[in-house]
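Please look over the sequence and the fold shown here. The report then goes through the surface, the sheet, the helices and the salt bridges.

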Amino acid sequence: FEVDVKIPETLPIDETILVSILSNGIENAINAQTTLPNEKKVIYLYLKTKEDKILLSIKNPFDKRPVFEEGMPVSSDEGHGYGSRSIKYLTESLGGSCEFLVKDDLFILRMVV
């Protein structure tokens, strides 16, 4: 787990919502690499504030390349696929935006609120 977090004591958004977004993003990152060898497992977390905006990035390798529909990752596994939708919903409910993409064998979640 590689972490780069610099946030003030008082956040410009509801902390409960931010924790929900973080927990969904980290859970997705963990699930995406369950069958990778331990030496390839890593999660990169970047969380900062800039001009009263929260910037979040979570990057991770994956064992199965994600499938996207309309910019959203989708899962064919039963009981999965809700975390990304929850992240998108919560981010947009705060007036922010998020994106999901794959670059250089890493799955990336980016969020600005």
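I7 sits in the loop between β1 (2-6) and α1 (15-32). Helices (H or I, at least four residues) and strands (E, at least two) are DSSP runs, numbered from the N terminus. I7 counts as partly exposed because its relative accessibility is 35%. The cut-offs are under 20% relative accessible area for buried, over 50% for exposed, and partly exposed in between (1.4 Å probe, protein chains only).

I7 belongs to a nonpolar surface patch together with F1, V3 and V5. Their accessible area together is about 350 Å². Patches take residues with over 30% relative accessible area and no salt bridge; like charges are joined within 9 Å, nonpolar side chains (Val, Leu, Ile, Met, Phe, Trp, Tyr) within 5 Å. Accessible areas come from the Shrake-Rupley method with a 1.4 Å probe, and for residues only the protein chains shown count as cover.

## Basis of the model

This is a predicted model: local features need pLDDT of at least 70, side-chain atom pairs count only at pLDDT 80 or more, and totals for chains, interfaces and linings use all residues. Residues are numbered from 1 along each chain as its sequence is written, and side-chain values use heavy atoms, with hydrogens and water left out.

## The sheet

Five strands make an open sheet with mixed pairing, in the order β1-β2-β3-β7-β6. Its edge strands are β1 and β6 (97-103), each pairing on one side only. From one strand to the next, the twist averages 10 degrees. Two strands pair if DSSP finds at least two bridges between them. Strands of a sheet pair through backbone hydrogen bonds, either parallel or antiparallel.

β2 (residues 44-50) and β3 (residues 53-60) run antiparallel and are joined by seven bridges. T49 has I54 in β3 as its bridge partner. Six bridges join β3 to β7, again antiparallel. Here N60 stands opposite F107 in β7. β6 and β7 are antiparallel too, with seven bridges. V102 stands opposite F107 in β7. β6 and β7 form a hairpin with two residues between them. In that turn, D104 has a positive phi of about 50 degrees.

## The helices

Which strands does α1 lie across? The strands are β2, β3 and β7 (106-112), and α1 runs at about 10 degrees to β3. α2 also packs on the sheet, touching β6 and β7. The direction of α2 makes about 145 degrees with that of β6. Axes are lines fitted to C-alpha atoms, for helices over the stretch in contact, and angles run from 0 to 180 degrees between N-to-C directions.

L90 lies in helix α2 (residues 82-93). L90 is buried, as its relative accessible area is 14%. Beyond its neighbours within four places in sequence, L90 is in contact (heavy atoms within 4.5 Å) with I17, S20 and I21. L90 and S20 are 70 residues apart in sequence, yet 8.4 Å apart in space, C-alpha to C-alpha. N24 is in helix α1. N24 counts as buried, with 15% relative accessibility. Leaving aside neighbours within four places in sequence, N24 is in contact with G83, S86 and I87.

## Salt bridges

A salt bridge is a side-chain nitrogen of Lys or Arg within 4 Å of a carboxyl oxygen of Asp or Glu. The count by this rule is four. One of the salt bridges joins K48 and D4 (3.3 Å, N to O). This pair links distant parts of the chain: K48 is in strand β2 and D4 in strand β1, 44 residues apart. K48 is buried at 17% relative accessible area, whereas D4 is partly exposed at 28%. D4, K6 and K48 are linked in a network of salt bridges.

E99 and R110 form a salt bridge (3.1 Å, N to O). E99 is in strand β6 and R110 in strand β7, 11 residues apart. E99 is partly exposed at 36% relative accessibility, and R110 is partly exposed at 35%. In helix α2, E92 and K88 lie four residues apart, about one turn of the helix. Their side chains meet in a salt bridge (2.6 Å, N to O). E92 is partly exposed at 44% relative accessibility, and K88 is partly exposed at 29%.
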